[in-house]
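Open the model in your viewer and keep the selection panel at hand. The stops below say what to select next and what is there.

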Amino acid sequence: MAGVRIPAQIFLWSLSVVYLFAFASIYIQAPGLFGDEGLVPVHHQVAGVQRPLLEQLQASPSLLWLGPTLGLGPQQALEIICLLGVLLSLGAILLGALRDSLVYLCLWALYLSLYTVGGDFLRSEWDNLLLEAGLLAFLVAPCALLRRISFSCHHDPVTFWLTRWLFFRLVLCTGVSKLASGDPSWWDLTALSRHFETQASPTPLAWYAHQLPDWLSKLGAVYILTAEITVPLVMFFAPVRSLRIGAFYIQVFLQLCFILLGGFSLLHLLTITLSFSLLDNDHFSCHKKKTKPKTWSQFLVSCLSFLVKLAVYLLVLFSAIKLFKLEINWEKKVVTSKTTFTPKSFEEFVKQIQDPTIWVGVLSLTWEVVAALLKCVCARGILNKLLNLIQWAIFTAAAAAVFAVSLVPYTAMAGMSGGKILPEVRKAYGAVEKYQLVSAYGIQHRMVPPAGRPEIVLEGSVDKKTWTELNLMYKPDSLSEGPPVVGPHQPRLDWLLWEAAVGEHDQNHWFTGLMHRLLEGKRDVVSLLQVDEAQYPFSQTPPAFVRAKVYHYHFTRTTEDGTHPQAWWKRQYVREFFPTVHLGDPALDSLLSDAGLKEKYPVQSSPDTPVSQALGLLRGHMRGLSGPLVLLTLFATVASILLLKALFSQPHHPKGPKPKSASEHKNKKPREAHEGSEKSRAPPNRGGKKDNSEERKQDSDRSPRKRK
């Protein structure tokens with residue numbers, strides 16, 4: 001069986017890249033979101049803490065509570081946590097020695113600290129996924145202490161298997177939620193034709209994809225549902241290695257399409273990172289093994305493997321054709337599709353696969369555990385064998401515990417029942433739930449709006465007569481401008497505005513804080529809308545009145561002759577989202593009180609220390625720079641360093657004969673000694689070449705042919 005050392009290292013490196021983007025993106029937005037003059041100031045949480053430090057850490061795990069002890073203000077502590085995360089993840093990317101379990105434990109603790117105090121701005125699905133994947137990285141990464149004791153890591157396949165189980169839960173639950181939620185656009189396969197314009201961060205390529213014919217968009221929906229439901233069920237834990245490799249490329253292709261069309265969300269990067277759990281070392285081997293003649297048993301095994309692989313691919317294809325009624329219309333040259341199953345039958349299907357998928361996970365984990373045990377038993381030396389068995393026991397127990405606890409959120413998927421989960425397992429899940437060790441995915445499925453893309457448009461006025469729109473950098477407010485390319489930056493405010501547009505403002509208390517800060521003209525909050533002051537209409541004096549409306553946005557269509565329209569978007573007014581308010585308005589004060597955003601505690605000025613001066617200097621250099629520009633510059637710098645490192649690390653062989661290895665010298669010594677002994681026994685050759693020719697002539701005379 002091939003090892004998993006290489007895919008595990010790629011998983012750790014990729015997760016470090018995701019951590020880098022996540023921490024850097026939060027650092028850029030931290031003053032406007034959580035600063036002393038931000039939307040939801042974090043000092044509200046710190047100032048109201050009355051418990052002892054240890055009790056507070058147990059109730060709400062965050063390193064932010066250590067700030068007052070260290071003489072740091074809440075905003076300063078938050079920025080230091082982000083910067084420490086950036087430095088640690090940057091070190092793990094550049095240096096293989098820093099891809100250690102202790103480093104990933106620190107990264108997980110730092111991000112959990114942000115998640116705990118982040119509120120609605122850090123509650124997206126990929127935040128939970130990053131925390132769970134970060135915990136698995138702590139188990140997968142080598143430990144420096146164990147590395148000094150023993151170089152063998154026979155438990156690696158056991159811990160790395162947990163990433164495949166997480167990948168399976170993520171993909172399957174995401175696919176099932178699309179249909180289990182009752183979203184009509186997925187049941188009639190028209191989701192993609194609407195998804196391109198209604199997703200959180202569409203790219204300019206999404207406009208061109210929106211122009212595709214409807215039958216092709218429906219075919220894309222069939223591919224997504226098949227890749228997210230059928231493929232993980234029959235291929236992720238298949239005993240045939242090539243099936244898992246095929247599933248890897250199916251998922252990576254799907255995620256790359258999402259990235260190109262949907263704004264480079266870190267959720268897609270995390271999904272690709274987890275997909276490496278389907279691979280092994282042999283897939284990355286550049287040297288092809290010499291083919292040896294196969295025995296009959298090996299030939300039969302290869303034939304059986306080929307038949308199983310063919311049967312699985314035919315099953316996936318047949319299920320797609322049968323369940324979605326795929327037919328080719330040769331006259332119109334299109335492929336028609338239509339769902340042939342009902343919501344009730346799909347709900348029964350989800351109930352039926354619950355127990356089999358869990359037992360497949362148990363059997364697959366047991367296989368890895370037993371295989372690792374056999375390797376430990378076969379290790380040389382009693383001490384080495386004992387150390388390997390101790391490591392195996394510890395990591396096997398950890399893997400079994402994580403797997404058992406993950407069954408609770410897994411059975412929370414729509415259509416499944418968690419009644420068969422042991423009470424002890426549920427109790428353990430409740431004890432660790434605040435640490436986000438495992439999470440449920442696909443629960444917060446957002447239905448595709450049938451009427452278009454709802455967008456909240458902010459407006460400001462000086463005299464309450466003339467209103468000016470406050471356009472955001474990363475939102476399609478302007479009809480004539482194409483969708484911005486956001487990734488890998490994650491604009492938290494823009495995404496929450498996108499989600500809030502389908503509800504009311506009283507369901508999103510942070511929105512009241514946004515309107516209040518705009519009236520006050522707070523620079524940190526304004527930078528969330530526009531970093532370029534020239535693009536903000538109230539850069540000199542803040543507006544006296546603000547309000548918010550909801551519009552439905554649609555992508556424009558190309559004309560019949562194929563020409564590109566002048567505008568990218570078209571929109572129509574729907575309703576009022578937030579009433580007109582001004583500073584000192586009793587209605588605004590009441591909304592602030594209801595949202596808990598009234599200043600109950602005076603903001604204490606931070607002491608002027610070298611740390612605060614350094615933080616202020618760094619923040620001053622960051623002002624005026626957009627998030628995508630900072631993150632892409634950071635990524636380009638890292639890529640350049642890695643490229644230079646790869647170029648200078650290549651060995652340069654001098655011209656001339658290739659130096660021989662030590663093994664060749666060892667093999668050559670006895671050969672030379674043997675030849676030397678033969679030469680010593682032979683008579684001296686004084687005639688040189690002439691004697692050699694005479695000896696060859698005598699040998700030819702003695703040959704049978706010559707005698708004849």
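Select helix H20 (residues 509–520) in this predicted model. H20 lies across S3, strand S5 (545–555) and S6. Its direction is about 120 degrees to S5. Axes are lines fitted to C-alpha atoms, for helices over the stretch in contact, and angles run from 0 to 180 degrees between N-to-C directions. Helices (H or I, at least four residues) and strands (E, at least two) are DSSP runs, numbered from the N terminus.

A word on the ground rules. Residues are numbered from 1 along each chain as its sequence is written, and side-chain values use heavy atoms, with hydrogens and water left out. As the model is predicted, local features need pLDDT of at least 70 and side-chain atom pairs count only at pLDDT 80 or more, while totals for chains, interfaces and linings use all residues.

Now show the strands. An open sheet is formed by 4 strands in the order S4-S3-S5-S6, with antiparallel pairing. Two strands pair if DSSP finds at least two bridges between them.

**Strand S3**

Select strand S3 (residues 453–461). Toward S4, S3 has 3 bridges, and the two run antiparallel. Toward S5 there are 9 bridges, again antiparallel.

Pick Ser461. Its bridge partner in S4 is Trp467; in S5 the partner is Phe545. Step to Gly460, whose bridge partner in S4 is Thr468.

Is S3 covered on one face or on both? Both: Arg453, Glu455, Val457, Glu459 and Ser461 are buried on one side, and Pro454, Ile456, Leu458 and Gly460 are buried on the other. In numbers, 9 of the 9 residues of S3 are buried. Buried means under 20% relative accessible area, exposed over 50%, partly exposed in between (1.4 Å probe, protein chains only). In a regular strand the side chains alternate between the two faces of the sheet.

Follow the chain into the turn. S3 and S4 form a hairpin with 5 residues between them. Stop at Lys464 in that turn: its phi is positive, about 70 degrees.

**H10 against H12**

Select helix H10 (residues 191–198) and helix H12 (residues 214–235). Their axes come within 7 Å and cross at roughly 90 degrees. H10 and H12 are therefore roughly perpendicular to each other. Angles under 35 degrees count as roughly parallel, over 145 as roughly antiparallel, 65 to 115 as roughly perpendicular and the rest as oblique.

Show the side chains. H10 brings Leu192, Ser193 and Phe196 to the contact; H12 brings Ser217, Gly220, Ala221 and Ile224. Contact means heavy atoms within 4.5 Å. By class, these residues are 4 nonpolar, 3 polar and no charged. Ala, Val, Leu, Ile, Met, Phe, Trp, Tyr, Cys and Pro count as nonpolar, Asp, Glu, Lys and Arg as charged, and the others, Gly among them, as polar.

**Ser185**

Go to Ser185 in helix H9 (residues 184–187). Ser185 counts as buried because its relative accessibility is 0%. Beyond its neighbours within four places in sequence, Ser185 is in contact with Thr190, Ala191, Arg194 and Val448. Its C-alpha atom is 9.8 Å from that of Ala221, 36 residues apart along the chain.

**H13 against H15**

Select helix H13 (residues 241–262) and helix H15 (residues 296–323). Their axes come within 9 Å and cross at roughly 35 degrees. Here Ser242, Leu243 and Gly246 of H13 meet Lys309, Val312 and Tyr313 of H15. This contact has 3 nonpolar, 2 polar and 1 charged residues.

**Gln75**

Jump to Gln75 in helix H4 (residues 74–94). Is Gln75 buried or exposed? Gln75 is buried, with a relative accessible area of 19%. Outside four places in sequence, Gln75 is in contact with Pro31, Gly35, Asp36 and Val42.

**Whole chain and confidence**

Zoom out. The protein has 27 helices and 6 strands. Of its 708 residues, 46% count as buried.

Colour by pLDDT, the predictor's confidence in each residue, from 0 to 100. The average is 86, and 87% of the residues score at least 70. Last, select residues 677–700: pLDDT stays under 50 there, and the model has 4 contacts for them beyond four places in sequence. Where pLDDT is low, the predicted coordinates should not be read in detail.
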